[in-house]
Amino acid sequence: MAEALKLTRQGRLKEAAALLQGSFRPAAPPQPGPMPKSGPMPKPRPAPRGRIFDVDPDGATRFPGMHARGPRPATPPLPAGARFLSGGFSGAAGERDFRLYIPANLPAGPVPLLVMLHGCTQSPEDFAAGTRMNALAEETPRLVLYPGQTQAANAQRCWNWFKPGDQARDRGEPALIAGMVRQVMGDHAVDAQRVHAAGLSAGGAAAAIMGEAYPDLFAAVGVHSGLACGAARDVPSAFAAMRGGSPVLAPGGKAVPTIVFHADRDTTVHPVNGDRVIARAGTEGLRASTTQGTVPGGHGFTRICHADPAGRVLLEQWLVHGGGHAWSGGDAAGSYTDPRGPDASAAMLRFFAQHSLEG
């Protein structure tokens with residue numbers, strides 16, 4: 001970071017931004033054995049407008065136009081009847097590919113939609129494997145959308161959470177992600193009242209942005225090891241926020257229910273950022289309650305719930321003791337996961353089940 005700050009002071013912002021993107025790459029959590037990592041990611045061509053491509057039965061088909069340049073994360077066999085589609089969205093702000101999981105036991109009628117935003121260096125397939133959201137979608141039927149960032153947009157495939165043009169409604173990456181959501185809603189039977197978003201690291205910061213920019217689209221968001229909307233406006237403030245030195249943010253606009261996971265040994269994004277996501281969402285008028293526990297054979301945790309006068313939990317914050325910058329309770333089949341829990345995926349789905357746009 002010191003080198004990047006030096007470049008910034010010299011006016012070499014492009015070089016500083018490249019270093020920033022690299023430093024935001026998730027660090028492996030403190031756990032025995034080597035941390036699984038995905039290999040170099042394929043380079044995509046522009047996504048076809050509005051087209052959906054099915055995968056082979058073994059789930060190995062790549063995005064249209066991609067070529068392999070190294071090992072890809074193993075894709076678990078799909079349950080009979082399930083589909084893991086590949087597609088693309090094109091809009092005024094650009095183009096992005098995505099993956100869409102459709103569970104085998106999808107009931108008739110509208111179902112919830114979960115948007116999962118991967119972290120730096122990850123891919124939709126990698127993120128799906130690490131969070132186990134496809135398997136969980138079989139248990140709690142919903143569609144799962146995985147937008148994919150491109151290397152052209154960010155050298156490390158990070159969502160550009162620190163750029164002003166990617167922090168507002170109907171602009172930049174938020175417009176692309178929202179466009180994907182609306183496209184999927186138009187193509188499939190989605191319950192428009194139950195659309196949720198979650199992400200890790202830069203993806204967590206992007207999820208926070210989506211909740212604030214589109215409170216009419218997202219009923220709740222999950223921010224894992226991320227930062228609050230507005231935490232940075234440029235490269236220097238991004239470094240400050242990641243170190244935990246940015247000023248306290250005032251509450252944003254219309255807040256959406258938010259669940260936060262962050263580990264207290266995160267050396268990539270300071271854990272104070274979890275507090276700031278909650279503060280940005282706004283705790284005024286809410287009653288806080290705290291519980292503590294330990295995962296058998298795993299991490300301890302502190303959980304703080306902020307409930308309204310009717311007892312409905314609107315904000316939920318988990319601090320994982322001893323964990324690093326990785327998806328809590330994730331599967332080692334994906335990169336940047338900490339299998340020692342607590343299970344962030346299950347907790348987020350439970351939280352999302354309690355929240356819809358209609359109340």
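Colleague: Which residues point one way from β5, and which point the other way?

Modeller: Leu 143, Leu 145 and Pro 147 point one way, while Val 144 and Tyr 146 point the other way. In a regular strand the side chains alternate between the two faces of the sheet. The model is a predicted one, in which local features need pLDDT of at least 70 and side-chain atom pairs count only at pLDDT 80 or more, whereas totals for chains, interfaces and linings use all residues. Residues are numbered from 1 along each chain as its sequence is written, and side-chain values use heavy atoms, with hydrogens and water left out.

Colleague: What makes β5 largely enclosed by the rest of the structure?

Modeller: A residue is buried under 20% relative accessible area, exposed over 50%, and partly exposed in between (1.4 Å probe, protein chains only). Five of the five residues of β5 are buried, so the strand is largely enclosed by the rest of the structure. In the protein chain as a whole, buried residues make up 55% of the 359 residues.

Colleague: How do you know that β4 and β5 pair, and in which sense?

Modeller: Strands are DSSP runs of E with at least two residues, helices are runs of H or I with at least four, and both are numbered from the N terminus. Two strands pair if DSSP finds at least two bridges between them. β4 and β5 have three bridges, in the parallel sense, and here Leu 113 stands opposite Leu 143. Strand β3 (residues 94-102) also pairs with β5, in the antiparallel sense over four bridges. Phe 98 has Pro 147 of β5 as its bridge partner.

Colleague: Why are Cys 120 and Cys 158 said to form a disulfide?

Modeller: The rule asks for a pair of cysteine sulfur atoms within 2.5 Å. The sulfur atoms of Cys 120 and Cys 158 are 2.1 Å apart, so the pair meets the rule. By this rule the count comes to one disulfide. A disulfide is a covalent bond between the sulfur atoms of two cysteines.

Colleague: Does Gln 167 count as buried or exposed, and why?

Modeller: Gln 167 has 9% relative accessibility, so it counts as buried. This residue also lies in the loop between β5 and α5.

Colleague: What makes the link between the side chains of Gln 167 and Arg 233 a polar contact?

Modeller: A polar contact is a pair of N or O atoms within 3.5 Å; within protein, one must be able to donate a hydrogen and the other to accept it, and residues adjacent in sequence count only if both atoms are side-chain atoms. The side chains of Gln 167 and Arg 233 are joined at 2.4 Å. The side chain of Gln 167 also reaches the backbone oxygen of Ala 232 at 2.7 Å.

Colleague: Which residues have the most contacts inside the largest nonpolar core?

Modeller: Such a core is a set of buried Ala, Val, Leu, Ile, Met, Phe, Trp, Tyr and Cys residues joined through side-chain atoms within 4.5 Å. The largest has 32 residues, and Met 116, Met 133, Tyr 146, Ile 259, Phe 261, Trp 327 and Phe 352 have the most contacts inside it. Helix α9 (residues 344-353) supplies the largest share of this core, six residues.
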